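Dear colleague,

Please find the structure that I am handing over to you below. My notes on it follow directly after.

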Amino acid sequence: MILKIRHLNWSAGRPVAILNKKTAEKLGANVNERISLKDSHGEILAVLDTASGFIKENEVAVSKEVNELINLKKSENIEVSLAPILKSLDLIKKKMNGKTLNKSEIKLVVKDIVNNSLSEADVSFFVSAVYKNGMSLEETAHLIEAFLATGKILKIPGKIIADKHSIGGIAGNRTTPLIVSICAAAGLIIPKTSSRAITSAAGTADVIETIANVGFSIKQLKTIIKKTNAFMVWGGSFDLVPADSEILRIEKNLRLDVSSFLLASIISKKLSVGSTHIIIDIPYGKSAKVNLKQALDLKNRFEYLGKRFKLKLKCIITNGEQPIGNGIGPVLELIDILNILQGKGHPKDLEEKSIFLSGQLLELAGKAKKNEGKRLAEEILYSGKAFKKFKEIIEAQGGKISHLSPGKFFFDIKTKKSGRIFEIDNKKINELARIAGCPSDKRSGLYLHFHVGEVIKKNKKILTIYSESNYRLKKAIKFYKNSPSITIK
């Protein structure tokens with residue numbers, strides 16, 4: 001049917017069209033189904049919503065996202081019909097039944113995700129199917145290719161483009177800003193795109209966003225990298241790997257971390273910015289994402305994919321038995337980073353790990369000889385060169401380093417007995433920080449006063465919970481009391 005376009009100047013976060021309820025009934029379409037919008041500019045599938053009253057029977061209201069994909073502003077009318085039945089739905093069912101998808105099948109599913117042809121429920125079924133049945137390395141390689149084919153590529157001049165990534169899961173562990181600053185100060189080009197937190201208290205993008213912009217166009221990124229050798233931005237802001245962003249959003253909603261998607265996400269993001277030399281940090285431990293056996297398996301899969309895509313890639317398995325650093329949450333983690341960069345009251349574990357990984361990347365990229373990388377990284381950090389480079393990057397991203405303070409509402413967790421700290425559960429710590437408000441409330445989070453192995457006396461502060469909401473703080477305190485994350489023996 002032909003309907004009149006009504007522009008309401010509203011954004012839904014995805015392509016959405018609103019029909020009068022009677023019009024939707026005539027069309028035979030239900031809420032949340034896909035409908036086709038077609039005119040001389042092209043065709044797009046949009047999620048259907050319905051209304052009565054303000055939308056007439058001869059009208060269709062469209063969100064800004066529809067206009068961003070096909071320009072309807074010059075059109076008065078548009079053809080509206082039911083979306084075609086998608087072959088990718090059968091392929092998702094095939095994966096749910098534990099069968100293997102070939103290259104063209106994976107490409108079709110990914111294309112339909114990017115084109116908004118699949119509903120959120122459809123994508124959730126795909127994510128769940130891969131979580132349950134996994135993907136072979138061949139399937140994962142095809143997924144990487146499909147991710148790249150449906151996104152943009154950032155072309156940066158240079159034979160060596162360095163990068164570092166962690167599989168995540170460890171509270172704190174904010175090594176990336178330190179590594180980027182050290183390696184960029186050494187002369188490496190290091191374009192760092194990061195995800196926002198999925199199950200942890202913060203991602204690198206969440207942390208940097210407390211003092212600088214993390215969303216840029218490709219043109220702006222080229223200017224920043226030319227000026228500073230590096231950037232630290234949110235990878236979902238400029239459509240490098242849009243399918244990955246959508247899958248990450250669904251994973252976040254389902255609270256799942258799917259290893260095949262993790263592999264594809266990391267490798268595709270590195271390829272999308274032209275990375276050639278990459279360090280992958282794989283922390284393992286009782287409360288980490290993976291145990292030692294899983295870490296070794298992940299290492300083998302990363303290295304296979306690295307060779308497949310002609311990357312110089314090195315995986316480093318690190319101890320993830322407890323949080324790294326003192327601060328957990330965007331502002332609190334940034335305070336740790338600034339303390340290390342400025343050499344004052346810093347957490348030694350975070351400093352040492354950052355120096356070690358920086359040294360490994362410097363050696364891999366040829367900036368330091370074998371076994372000399374750590375010494376070079378230390379020289380750059382302790383001389384203040386890394387801090388200078390960090391400030392340059394932040395300023396290039398429109399930010400400024402200023403005084404930082406955690407949330408105004410706080411509560412100190414004190415020990416009920418003396419003893420040695422036996423365990424700090426990463427998963428419970430991350431959950432506690434999220435209840436307090438992380439990562440959306442930048443000043444919320446936790447401060448660890450002690451780490452595993454240290455001796456503590458009775459009635460001493462072991463953990464401080466910060467929040468920007470008294471209500472959230474009370475919920476966090478209750479959670480800790482019912483599910484303590486720190487064990488003393």
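A residue is called buried under 20% relative accessible area, exposed over 50%, and partly exposed in between (1.4 Å probe, protein chains only). By that rule Leu188 is buried, with a relative accessible area of 3%. Please note that this is a predicted model, in which local features need pLDDT of at least 70 and side-chain atom pairs count only at pLDDT 80 or more, while totals for chains, interfaces and linings use all residues. Residues are numbered from 1 along each chain as its sequence is written, and side-chain values use heavy atoms, with hydrogens and water left out.

Two loop residues

Leu188 lies in the loop between α7 (176–185) and β8 (190–194); helices (H or I, at least four residues) and strands (E, at least two) are DSSP runs, numbered from the N terminus. Contact means heavy atoms within 4.5 Å. Leaving aside neighbours within four places in sequence, Leu188 is in contact with Ile160, Ala162, Cys183, Asn229, Leu361, Leu362, Ala365 and Lys367. Leu188 and Gly366 are separated by 178 residues in sequence, and their C-alpha atoms are 9.5 Å apart in space.

Lys400 is located in the loop between α16 (385–396) and β13 (409–414). With 65% relative accessibility, Lys400 counts as exposed. Its contacts, leaving aside neighbours within four places in sequence, are Ile211 and Ile394. From Lys400 to Pro330 there are 70 residues in sequence and 16 Å in space, C-alpha to C-alpha.

The barrel

A barrel is closed by 6 strands in the order β1-β5-β2-β4-β3-β6, with mixed pairing. From one strand to the next, the twist averages 45°. Two strands pair if DSSP finds at least two bridges between them. Strand β3 (residues 34–39) pairs with strand β6 (residues 77–82) in the antiparallel sense, over 4 bridges. In this pair, Ser36 stands opposite Ser81 in β6.

Helix packing

Axes are lines fitted to C-alpha atoms, for helices over the stretch in contact, and angles run from 0 to 180 degrees between N-to-C directions. Angles under 35 degrees count as roughly parallel, over 145 as roughly antiparallel, 65 to 115 as roughly perpendicular, and the rest as oblique. For residue classes, Ala, Val, Leu, Ile, Met, Phe, Trp, Tyr, Cys and Pro count as nonpolar, Asp, Glu, Lys and Arg as charged, and the others, Gly among them, as polar.

Helix α4 (residues 103–114) and helix α10 (residues 242–254) have axes that come within 9 Å and cross at roughly 80°, so α4 and α10 are roughly perpendicular to each other. Val110, Ile113 and Val114 in α4 meet Pro242, Ala243, Glu246 and Ile247 in α10. The residues of this contact divide into 6 nonpolar, no polar and 1 charged.

Helix α11 (residues 259–272) packs against helix α12 (residues 292–308) at an angle of about 40°, with the axes 11 Å apart; α11 and α12 are therefore oblique to each other. The contact of α11 with α12 has 7 nonpolar, 2 polar and 1 charged residues.

For helix α17 (residues 426–436) and helix α18 (residues 470–482), the axes come within 8 Å and cross at roughly 155°, which makes α17 roughly antiparallel to α18. The contact of α17 with α18 comprises 6 nonpolar, no polar and 5 charged residues. Among them, Lys428, Glu431 and Arg434 are in α17, and Arg472 and Lys475 are in α18.

With kind regards
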